[in-house]
Every structure is written in structure tokens, then in C-alpha cells.
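These are my notebook entries on a structure I looked up. I record each item in the order in which I consulted it.

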Amino acid sequence: MDQLLSAISVVSDPSQYTRDIHVQAIEYLNSVRSSPSQSWQLALNLFVDAKSDGTRTHVAQIRVFALQILDDLLNNRVAQLEPDVFEIIKTSFLAYIRQEFIYGSAEATAPYIRNKFSHTLALLFLCVYPHQWPNFFPTIYQLLHHDTTTSSATPSTAFNLHVSSLFFHVLIEISGEVADTILKGAREFAEGRHRRDGIVRDQIRERDSKGISEAVLAIISDSEMHLVSRREKKELGDQQSLEDIIGLAIKAFACLIPWINVNFTVTPDTLPLLFRLLSDPALPIRIETANAFLRMIQKGLKEPGDKLQLIRVLSLAEVLTRLEEKTRGNDEDVPFREGLGKLANGLGLETSKLVDEATLPSDLRSAAQEELAKSLPVILRFLGDEWDDTSVTVHPFLSTILGTKKEFLSTLLEVVLLKMKWDKDADPENMDEDEKLAFESMRKDLRAFVDSIITIDEGLCDLSIHTLVMNTLRTYQSGATVSWENAELAVYLVYLYGEIQKIPRGPQQFVQIPSEMRMETKNAGASSRKPRLNYAGYPLTAQGELMMALVQSDICSYPHSSVVMQFFETVGRYGDFFRTRKECASPVLSAFIDVRGIHHPRTDLRGRLFYLFHRFIKDIRSEIPHELVPTILNSIGDLMVLNVELPEPDSPGIDPLENAVNTPSLFDSQLYLFETVGTLLSLLSGAQVEQAVLLQTITNPLLTALSETLQIQMIGPQDVLPVLKVHHLIRALGNISKGFPDAPVPTPQNYTPPVWISVFDQVAEAVLVSLATMSGWKVVREATRFAFTRIIAAAGPATTKYIPTLMGRMLASCQPDELVEFIQFLGLVVHRLQLEVFDVLNELVGPLHNHMASLVSQPIDGTDARLEHVQTMKAYLDLLVNIMTGRLYVVFVSPRNKSLVESLCQFGLTVAGDSSDPSSQRVAWTLLARLTTHFGRTETQADLAAKDRAGSGKPVDDANHSIPGYEMFVYDRLIPLVFELPNRPGFNLKDAQTLQVLGECGTLLAATRKARGQEVVDFFTNVFLPSQNWPPETISNFVVQLTEQDTKGFKKYWTDFVRSSLSASQSR
């Protein structure tokens, strides 16, 4: 025992001991708990042992652990306890109850032990009822009454409140174990336990349910009587104890309702008592009583007529109406109103089920419809409750009823739209973020009702929203006062209206385009013959009218940020409207660039406004007059100053630079402004000199700041602010180029680069200088990749001259964990510049491939290493496929790299055979197919391919780059692996990615036919497939599919063939 007590002491206060001692103590306690059949008696003694003065011998932690051991003995037990074990535990528990709950303090110093013991007692009951302890409940009933033989004092109630509390907790525990579907579903299913719980449930119904119900109700009634008396006499005394016991009793009673006979819970004595308690002054009593009525209404009854009779007897619609009126507007009653809302929701759901019950006679269905009609008004009032938590309680019923009560829709829609409004006392500007999210979530739920209503009656929904919005906007435009919450709701509904419309996105959402014009536009597709429509000449749709009213009302000037932000969210969402009414763009643009928009005094709003401004400009760029561009750029110049600060780390030891880069900040949103600058400048393509001058005006301050920052001497490893500023400046410069259109690739003949290219030459050179100066900083390398990704896209081949220096510096300082990003960046360069970067790639591909080939052969240790390995392999394979897809594949047959091909083939073959990483495996097969296409062709097949490309207008390769001996790799290695792979362990055709691998194997087979022609057909027919014991008819069919199907068709054939073959072999 001493060892056990010591172990519990160690675990209870680990700070006083070493980690090794703490671990040993835990292991010892686990070993004790793992054998409860040997340790239960010790545990029982530890729990019940008492001193001579009646106090418990052992501290609470030890006694709780003792109960855990007893729980382990009893929990999930199917067999009965040994008779001597049962008698010892029963006798000890009853003695403990008498000592502690009748004559003692009922564990007053450690109340959680009361709850823990009630759970253990319930587990004992489940093990021994009804065979070993058939009179369990009568035994408890005897303990409920006061023992007047030991005291001359008159008890305050007829029942002992401590024992009553234990009794109710045990009932709640028993109900949870045998009847609570949520608890039962959460634990692992066991047939023996399931059978045992069913027996216990049935035996309680048959033997004890009447007595249990009577005992619970007697205690409630007696306690209520004494509570009323105390209140009338204004005697505080034990009022709280009485309120607590009544609330607990009702909770226990509610737990019994779903699974014991309804005749014992719904009686002439029960209902008056519960209805009184539903209006009791004590809030917890009212909440528990509302839940009890909810359980009653949800009670499963065999006959629908019985359920209808129950609903009519309870008359809850009338009761709820009175209570809703009584509690409305009282903040103290908010939790009770939530309970009433749940009750109203349950009443509505159960009544609607009766209405839909096919077996219900017509007269009873009519009666059910009447009951449903009675409940609808009060349900709507709960929906419209000012407290969202109350409002959402009736959402399930409303979702169910929408499609069946059309006459109900108008009232429901009115309540839903008003419920979408902020409370007048709310303060979103200073509200906690969680509260804002809760409100937005509720709006989202309410929108689901609007979506349902519009499906049933689109006209009603359109008219209601249109009327509410137009009335509010016209009132504001007239100069009359409109509250901020009504103004915000009107603007939000303009946004919502566009979301719920079934009209395709585009100008047609806002103007009524004649059907013949819509058809002509649709038939023209993307061709140059597509008619240019003058949208201004067409009348507005309802959505167009709302957008027009929104702009003309000048509600963007409303003095409340929530209204203004919703305005910008709306115009940012529906940029296509301004293509139909161009005159509306100017006032919105003015609002965006002044203090209402991106110059808003609140910096916490600016970030979102930067994005919305970027989105708006992007949508309406074709409608912005070119002469307005310099004015806009001048107005936002002050916002492009970078204020770089290091945020405080959440905890010590965090890298301040990594923390700064990964922590969301205003700079992340400022990047949208820099991109917007590029978008605006790109509009001046007809005035290239002015365009370049303006671009230079924007980039010069940034380049100057970059140069000055690079010259700052950093003091110590923590002085990283200059590095962060360089990171920000490089990214800002790079994002300007993102606003420009992509350069044409390949470069057309007689193409003249735009004048602004020279400005980005300066930017690229400055970024390279920064990389050279700060190449040791990872964030600078990341920023460099970020910037050059965008500059290359905009400037195209003009950046080729920088690529060798860029790649050399990046590869020299690249860390292992950056390899994936480097390879992906190289892939982008290859994709964008193609043959323009042949020389760079020619030098780089050899060292890179050798590094990757060695990486494949290295052992992988740990999950993180495995993930990094997979990502790196996938990135490199994607790069190789990218190279092999275009004309850059010739880099592998250059004099410098020709010797790489054999290693490249072996690398691809190794990954292609590894089914542990199907994503990389799939790309490896794609690579092998490309290699076969380019390096495995016969002269005849190369000529045929050249003719096909010439006939389709595609560029023709100058030469056949077939590599001698490659065909042996195809016949000896590739083709055998294709047929072997599906039978290998780990190749799981039920996995979607593995299925894609199989498809790419089919692509490889099709590539061999295109590369080798009749030769490979003969190989399959006469050599390989006969060696695999294929029947002649199967060989013939395979060859026909291979020669007659295109690649896509053969992939499907191969996939279906392998799946069916494996399925047939497994069924044999």
C-alpha cells in the first residue's frame, strides 16, 4: 500500500520530483489499474477508510484513484460479480452512504468525489441488476427519508437532500450508460455490453420505472412546497439547496423520459407540477423544466395518434406564447429563452412529422396541421430574437418546414431579413473578433433560409429585398436619418441579392440583354467576330437597379465604418456593373482613394480596403480613362511607403525574422497596392514613354531605400530589421511587375519590347545586388524568387541575361529545405523562357541531376524527412517533365549532358517502380513516356512525327534525337516493369492516385508504339506477350487497341483491362 500511496503522491505533484521518478510512478499506477481483479479490495479500502472522528483517512487524490480502479473492475463487465466480491462492495458502499450522506457532510470538502462515486455506483448497478441486487432501488428509497431516531431536531424536508442528490446523479449516470445514443455511439461497440444494457433497460421498465418516477416526483413536490414556504416567509435558510435539488431532480426526470413508460412521466400529477416549475423564479429550475418538456415532446411513441394526443394535452404552443411575451427583452432570461426556443423547435419538428405521416387518418392530420399553425407565430418570434443564440435554436425546424407552408413564407422572409441586421447597441468597430465571426456565421445560416425561399417563390424574395433596400437608400439620399444598422443591412442585402440570383456572372447580371444578342455573343465564343455590346443602351435588371441606387445614394459617405466597409465589399464584388454604367465608376473610385477607402484613418481596416481596391481596379481597368491614371497614382503614392517593424514574438527563442515574415501584417495587403500600380500603368501602353517615366517615379524611391538599407551595418545577430526591410522592398518591387500583362512566349517575329522593360532591368539588377549582399539570409532568397517569378512573367526573354547570375547565386546559398522551392522556381523559368534559357539549363541540369540521383539512394529517417523527400522528388520530376514537354529537351543530348540520359532513365525507372509514393510514381511514368518519345524513335517514326507536326502548323524539330541503344532499355526494362507493377505489393488499385499511375503506364505503352512503330508491335505479338502466357485472342485484342487507339483511348483500355484482370484473378 505504501508504494501505491507514494506513486499517487508523485503523480499528483510532479514538480517536486525528477522526470524519471514521475515516469516510474505513472508506469506503476498503470500496472495497478491494468489488474483490477487483484487490486479492487485495496482500492475499496482506500476509498471508504475513515478515522475515529468520521473524516476520511486518505486525501482526495488517493480516493479518486481508488474509484478509478473500481471503475476498471466494473466497466463493460458482462459476467456477474463473484458473490463474495459483490457482498463486500455492496456492504461497504451502503455503509459509506450512511456515514457520509446521512450522518456526514456528503464530501463537502471534495464535492467532485460525490459525482465520481455516483458514476461508480451506477457501474456497480449495471453489473448486478436485476439478478444479484434486484432491490437496488427500494434500498435507495429507504435511505432517502430522514432517520429521526438519531436526532430530536425536526428535518426541514421529508427527504434527505444529500441522499436525494446522490440518487439523482445515479439515475443520470444509468440513463447515460444504457439509453444515451450519443454516449453509446462514442464508445466502441461490444455485443455483450449491448445485450446487457438492453436487459437492464427492459427490467427497469418492467420492475422499477413506476417506483423511480414516483420517488423523483415526490422529492420535487416536497422540495417545491418547502421552497415556496421559505420564499413566502422570506427565509433565506436553505433556499439555494432546495433550488439545486429541484433542478437536479428535473434533470434526472428528463433523462428518464425517453426510455421509460410514458404513463409514469406524463400524468395528471406530473404536468401541473412541471408547468408551475416552468414559471419558477429560479432560472436553473426553469431551464431544466423546459428541457424536460422537450424530452416529452420528442418521446418516441408507436402510434402517431398517441403523439398527437400528447401534443394536444401539453398545449405547449399557448404556454410558449405566454412565456415568450413574459421574458422578451429581459437580459436575465436569455438562457431560459434559449431553452424555450429549443422547446419550440422540438414542438415544430415533431408536429411537422405528424403532418407528413402517411398512415395518419385525414381528421388527425387536420388536427396536426392546426397544432402546427398554432406554433408557427411563436417560433417566428424566437427566430427574430435580438440574441443570436436564441434565434438559431429554431433554425432546424424552419429548414424542415420551408417547402410545405408557402403561406408562411412572407412572414418568415420578413423576420429573416430583419434578423440579418446588427443589433442597434452593437459596436462592430470595437467588437471581439469571435463575436464578429459569430454574427457572420448567423448571417450565413439565415442566408440558407433565403436560398430556400427563393427556390419556392423567387418573386416574393426579389420583391422583399428590392423594396427594403430601395426604401432605405432613398430615405438616406433624401437627407432623412437612417440608423447605421439599417443602412448596413441595406448595403449587405445588395451584396446578398447578387449572390442568390441564378443569373450567370457578368454584365448580363445588371442589364437586360435581348435574347438574340445573348445568343449571338454565345455563338461567337472568344473569336474576334464577337459583337461589342453597348451595355449602356440596355435597361437595368433588378440587381442593376440596386447597384445604381447604391452608388447614387452616396451611402459610402455614411459616418460608420461598418456601412462603408460593406459598401466597398459590394462594389468590389460586382465590378461588372461598372461596365454597364461607366458613369458610376468615377464616384466609387473617388471614394476608394480618399479617407473613406484606402486612406481610412483606421489602419486595421486598410488592409482589407487595399485588397478591395486592387480587385475593383482589376475589374474596371478597361473603363478607366487613361488620362486619369497619373492622378490615381499620385493619390496613392503616400501609401507605398514601407513602415517596417519587427513584431514581438509570442514566446522567447523564436527567430525574430522568421516570426516577422510569417506574422500577418499590413505589408501583406500593401502588396496588392503595388500590383495595382502595375495594373494602372499597363493601361498606358499607347504612351510608352510616359508609362516608363511614371513607372520610374514609382520604383526610384524603393530602389533608393533598397540601396541605403544594404549599406546599413548590422550589430549582432538580433539586428535583423535591415534584412526584413530588404525582404519587403524586393517583394514590393516584384509585385509591381505582376500588374503588367505577361510577355509573349515564344517571342513573335519583329517584336519590339516595351520601353518600360528598361525600368525592370534596373529592378532586376538591384535585386541581384541585394541577393549577393545578403545571400546568407533565407528570407532574402525567398523574396528574390518571389520578385523574379513576377519580373520574368512580365519582361519575358529580356530577363534572360540575368538568369545565369541569379541561378548561380541562388544555388550556391540554397539550403536543403529550400531545394523544392528552387526546383519549382527553375521550372517556372523553363516554362516562361523556353529555349531562351538553354545555355543556363545546359550548365545547371548536370549538377542538379547528380544531386537528385544521390538523394534517391539515401536512407530516409523519420516522418518529416519522408515528407521532405517526397516533395523534393515530386518537384524535380515535374521539372524534368516540363523540360521534356517543350523544345528544351535537347539539353539532354547536348555534348555536355548526353552522358546523363542513362542515369536519367535509371532515376525515372527507380521512382516508377516505387508504389509507396504514387504521386511521384505517376510523374515518373509520364517522364519515361516523354523520354521514349524523344530519344527512342526510329528514323521512320521520326519522319512520320515531323509530317504530322508540319500538317498541324506546329514547329518541326530539326533532327531526330534518337539515342542508340535506347530501344533495349524499352524492351528489357520499361515494358516488363509495366506488366509487373500491378502485381507488386503496395500497388493498390482502390487508391485514386495509384489508378492514375496505371493510366500513365498506358501512356508509356502508347509512346513505345509511336516511337518504334511496327517493331514494338512485333515484339509484343511474337516475343513478350507469349512469354507472359497470354492467350492468342488476348494478344490480338491488345495489339489492335495499341495500334488503332489514340493515347487517351489506349489509357482507358489499359486501365480497364488491368482492373478486370486483377479482379478475375482474385476471385479465382
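I take helices (H or I, at least four residues) and strands (E, at least two) as DSSP runs, numbered from the N terminus. By that numbering, I place Val 1040 in helix α47 (residues 1032-1044).

I note that this is a predicted model, in which local features need pLDDT of at least 70, side-chain atom pairs count only at pLDDT 80 or more, and totals for chains, interfaces and linings use all residues. Residues are numbered from 1 along each chain as its sequence is written, and side-chain values use heavy atoms, with hydrogens and water left out.

Entry on Val 1040. I class burial by relative accessible area: buried is under 20%, exposed over 50%, partly exposed in between (1.4 Å probe, protein chains only). Val 1040 is partly exposed because its relative accessibility is 33%.

Entry on Thr 472. I locate Thr 472 in helix α22 (residues 458-477). Its relative accessibility is 12%, so Thr 472 counts as buried. Not counting residues up to four places away in sequence, I list Val 482, Asn 486, Ala 487 and Ala 490 as touching Thr 472 (contact means heavy atoms within 4.5 Å).

Entry on charges over rings. Arg 731 has its charged end over the ring of Phe 786, 3.9 Å from the centre. I also record Arg 286 over the face of Phe 336, 4.8 Å from the ring centre.

Definitions and conventions. A charge sits over a ring if NZ of Lys or CZ of Arg is within 6 Å of the ring centre and within 35 degrees of the ring normal.
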